[in-house]
Amino acid sequence: MKSLKNRSTNIKSILKNYGIIIAFFLICLILAIMSPVFLSPINILNVFRQTSIYGIMAVGMTFVILTGGIDLSVGSLLAISGVVSAGMLKAGFGLFPVVFITLLVGFLFGLVNGLIINLGKITPFVVTLGMMSIARGLTLIYSKGYPISGFDPDFRQIGGGYILGIPIPSIIFVATVLLAWGVLTQTRLGRYTYAIGGNEETVRLSGINVTFFKTIIYAISGLTAAISAIIITSRLNSAEPIAGTGFELDVIAAVVIGGTSLQGGRGAIWGTFIGALMIGVINNGMNLLGINAYFQLVVKGIIIIGAVLLDRLRD
């Protein structure tokens, strides 16, 4: 009897710690059976490249959610960063100034989010929802509602190039994940990110400047949106004013599916990496199987609700 109880406990422990990996490989297996194209090298590289766009944004979102917050503006920040980079390229700016200023734009928008949330004591949901509308509106004003396209080959290499046969966006994604892992596990910012999500008031009473660290975390989220903006603008050879619409759903889903608690204080960046891959695989699989785009939205909604329910069960 005791042996059965121990075995049940071990199975629960395995599912709790490695359930996301098991689910990921099960989904891959099912899709490989249903579509022979799924495991082709071209399709696998395509999945990695597409996943990189919101996977990088999910890295920034992981920091935010670990503090118990949320950032609904990432899709719009991607759009405005994209049109700014496109505008500068068309004006004749060089590659490095364009990349630097685009990253700065995303960082500053995230910083404004953080300052309003922390100094104004307003909930992240309301502030980032408002910023989502502001950034989208500014994007449409700047671009006059039209795409900005036609860039030089050097810029297009960022989103469409390869290094040793690996798409450059995938390399940037992995590098971002490794950097975030280092920050979360080896630095004071990482320790405070978890601590703030666990018990913000206790951290504040310990003399730590919670306002500063939470503001920086929202700036990081804006920065990762800008990185994705550069990649998608380069990849498409065009900055679309409607780019990033609905991306916040995939980004938040990737983080939550990866095991980061919406209550804050618990999660890991490797989980976000797997969660982003899972969303990418599901999106790719539904396209390969010819599932209607409207049904794809339904499936994504079900996945997000399921992930939140699992999060509650873990607690």
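Which residue forms a salt bridge with R204, the closest N and O atoms being 3.8 Å apart? It is E201, and that pair is a handy way into this structure. The model is a predicted one, in which local features need pLDDT of at least 70 and side-chain atom pairs count only at pLDDT 80 or more, while totals for chains, interfaces and linings use all residues. Residues are numbered from 1 along each chain as its sequence is written, and side-chain values use heavy atoms, with hydrogens and water left out.

Back to the charges. With a salt bridge taken as a side-chain nitrogen of Lys or Arg within 4 Å of a carboxyl oxygen of Asp or Glu, the count comes to three. E201 and R204 sit three residues apart in helix α9, which means about one helical turn separates them. Helices here are DSSP runs of H or I with at least four residues, numbered from the N terminus. R204 also meets the side chain of E200, at 2.6 Å from N to O. E200 and R204 are four residues apart in α9 (residues 200-205), so this pair too is separated by about one helical turn. The remaining bridge runs from E200 to K214, at 3.3 Å from N to O. Because E200 lies in α9 and K214 in helix α10 (residues 210-236), that pair ties together parts that are 14 residues apart in sequence.

How covered are these residues? Relative accessible area sorts them: buried is under 20%, exposed is over 50%, and partly exposed is in between (1.4 Å probe, protein chains only). K214 is buried at 11%. E200 is partly exposed at 25%, as is R204 at 31%. E201 is likewise partly exposed, at 44%. Through shared partners, the salt bridges join E200, E201, R204 and K214 into one network.

Helix α10 also holds S234, which is buried with a relative accessible area of 2%. The side chain of S234 reaches the backbone oxygen of F155 at 2.6 Å, a polar contact (a pair of N or O atoms within 3.5 Å; within protein, one must be able to donate a hydrogen and the other to accept it, and residues adjacent in sequence count only if both atoms are side-chain atoms). Leaving aside residues up to four places away in sequence, S234 touches F155, R156, Q157, I158, G159 and G160, where contact means heavy atoms within 4.5 Å.

F155 turns up again among the aromatics. Rings of Phe, Tyr and Trp (its six-membered ring) pair if their centres lie within 6.5 Å; planes under 30 degrees apart count as stacked, over 60 as edge-to-face and the rest as tilted. The structure holds five such pairs. One of them joins F151 and F155 edge-to-face, 5.5 Å centre to centre with 85 degrees between the planes. Both F151 and F155 are buried. In another pair, F173 and F273 have ring centres 5.3 Å apart and planes at 35 degrees, so the pair is tilted. F173 lies in helix α7 (residues 168-186) and F273 in helix α12, so the pair ties together parts that are 100 residues apart in sequence. F173 is buried, at 1% relative accessibility. Elsewhere, ring pairs link Y192, F212 and F213 into a cluster.

Helix α2 (residues 41-66) has 26 residues and should span 38 Å at 1.5 Å a residue; its end C-alpha atoms are 35 Å apart, which agrees. That expected span is 1.5 Å times one less than the number of residues. There is still a kink of about 40 degrees in α2, centred on S52, the bend at a residue being the angle between axes fitted to the seven residues ending there and the seven starting there. α2 is mostly covered, with 19 of its 26 residues buried. After α2 comes G68, whose phi is positive, near 90 degrees.

Helix α11 is mostly covered as well, nine of its eleven residues being buried. G259 sits in the loop between α11 (247-257) and α12 (269-288), and it counts as buried at 13% relative accessibility. The C-alpha atoms of G259 and S40 are separated by 29 Å, the two residues being 219 apart along the chain.

Terms used
Helix = DSSP H or I, 4+ residues; strand = E, 2+ residues; numbered from the N terminus.
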